[in-house]
Amino acid sequence: MPNRINSPTTSKTLSSPNSSDGSVSWLHRHTAGLLRKVRPEFVASSLKQLLRFSRTEVATPDGIFYADIASYLGYELFFNGVYEREMIKVLKTYLKPGNILVELGANEGYFTAIASQLLGSSGKVIAVEPQDRLQPIVRKNLSLNGCENVTLVQVAVSDKPGTMKIFISADMNTGSTSAVKISRFSQPTQEIPALPLKDIFEQQGLTTCDLLKVDIEGYEYEAILGSPDLFQSHRVKAIALELHPQHLAKRGLSEKTIVDFLESCGYIRSPLSSNTVYVTPDCPVKAAA
């Protein structure tokens with residue numbers, strides 16, 4: 001069920017990078033980076049619990065985020081003040097006040113909150129994130145940043161309605177949870193309702209969206225090819241697409257099929273540093289600024 005995020009909360013925050021705030025201990029500051037190097041990741045997660053790491057609010061130039069500083073996302077925010085700078089550049093290039101973003105794979109709500117602020121009160125974000133464990137974290141991050149234009153939808157995206165089993169990643173990288181099992185180690189699982197992208201558009205009353213951000217660990221194939229009309233009719237103006245060749249290959253699929261389909265629909269590839277964006281010929285922004 002979609003959940004609309006409302007008012008922000010007020011609480012103590014940390015300045016990044018290299019905050020001197022005493023609420024993060026010396027031990028945690030100096031072990032966070034080491035834990036990111038431990039493999040397999042579930043061992044790092046266990047060590048993190050033994051060391052009693054907990055989430056804390058980190059202030060960055062782009063907002064305040066409830067982060068785990070030993071995770072990939074939280075470490076970058078706490079020590080560097082930004083995560084995936086190039087994706088933020090994509091959002092700032094392709095989103096304007098009043099636009100609509102559909103985000104497939106909202107993870108902890110970092111990009112969601114940044115996009116929400118870019119779009120303003122007249123814009124809208126539909127943030128799709130299936131993981132149970134991340135729902136309160138996304139809500140917290142959106143609340144901290146006063147995001148009132150976001151609808152959080154807890155489903156997986158597929159090519160047909162039904163249910164999907166997802167393999168829950170270690171909390172060192174919550175964004176690597178996937179319906180495709182890549183790790184050779186045992187992982188907890190979660191059953192989640194699944195919908196085609198076109199059904200999500202219909203449920204949310206969307207006729208078009210200005211940017212579709214896709215980072216769903218191999219199910220970009222179903223998201224795009226499972227709702228071909230959205231792309232053939234150019235109802236999606238621009239697509240920030242994260243491709244996962246390893247996940248696709250494990251199911252006998254290829255990223256080339258996705259790219260070929262988008263190009264057959266008339267989308268033009270507009271590379272923006274390490275990120276790839278596809279745009280329609282009539283998209284107001286056709287290349288990086």
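Biologist: Where is Thr93 found?
Modeller: Thr93 is found in helix H4, residues 85-94. Helices here are DSSP runs of H or I with at least four residues, strands are runs of E with at least two, and both are numbered from the N terminus.

Biologist: What sort of model is this, and how are residues numbered?
Modeller: It is a predicted model, in which local features need pLDDT of at least 70 and side-chain atom pairs count only at pLDDT 80 or more, while totals for chains, interfaces and linings use all residues. Residues are numbered from 1 along each chain as its sequence is written, and side-chain values use heavy atoms, with hydrogens and water left out.

Biologist: Back to Thr93. Buried or exposed?
Modeller: Thr93 counts as buried because its relative accessibility is 8%. Buried means under 20% relative accessible area, exposed means over 50%, and partly exposed is in between (1.4 Å probe, protein chains only).

Biologist: And what lies 2.8 Å from a polar atom of its side chain?
Modeller: The backbone oxygen of Lys89. That is a polar contact, meaning a pair of N or O atoms within 3.5 Å; within protein, one must be able to donate a hydrogen and the other to accept it, and residues adjacent in sequence count only if both atoms are side-chain atoms.

Biologist: Other topic. How many salt bridges does a search of the whole structure find?
Modeller: Ten. A salt bridge is a side-chain nitrogen of Lys or Arg within 4 Å of a carboxyl oxygen of Asp or Glu. One of them joins Arg55 and Glu108, with the closest N and O atoms 3.0 Å apart.

Biologist: Which parts does that pair tie together?
Modeller: Arg55 lies in the loop between H2 and strand S3 (56-60), and Glu108 in the loop between strand S5 (100-104) and helix H5 (110-119), so the pair ties together parts 53 residues apart in sequence. Arg55 is partly exposed at 21% relative accessible area, whereas Glu108 is buried at 4%.

Biologist: What does Arg251 pair with?
Modeller: Arg251 forms a salt bridge with Glu222, and the closest N and O atoms are 2.6 Å apart. This pair links distant parts of the chain, since Arg251 is in the loop between H10 and H11 and Glu222 is in helix H8, 29 residues apart. Arg251 is partly exposed at 28%, and Glu222 is buried at 9%.

Biologist: Now H11. Which of its residues are buried?
Modeller: In H11 (residues 255-264) they are Ile258, Val259, Phe261 and Leu262. They lie on the same side of H11 because they cover an arc of only 160 degrees around the axis, taken from the directions from the helix axis to the C-beta atoms.

Biologist: What covers them?
Modeller: The cover includes helix H8 (220-225), helix H9 (228-232), strand S12 (238-241), helix H10 (245-250) and strand S14 (275-279). Contact here means heavy atoms within 4.5 Å.

Biologist: Which exposed residues does the face turned away carry?
Modeller: Lys256 and Ser264.

Biologist: And what is at the start of H11, and what follows the helix?
Modeller: At the start, a side-chain oxygen of Ser254 reaches to within 3.0 Å of the backbone nitrogen of Lys256. After H11 comes Gly266, whose phi is positive, near 100 degrees.

Biologist: Last one, H1. What do its buried residues pack against?
Modeller: Helix H2 (41-50) and helix H3 (72-80). The buried residues of H1 (residues 26-35) are His28, Arg29, Thr31, Ala32 and Leu35.
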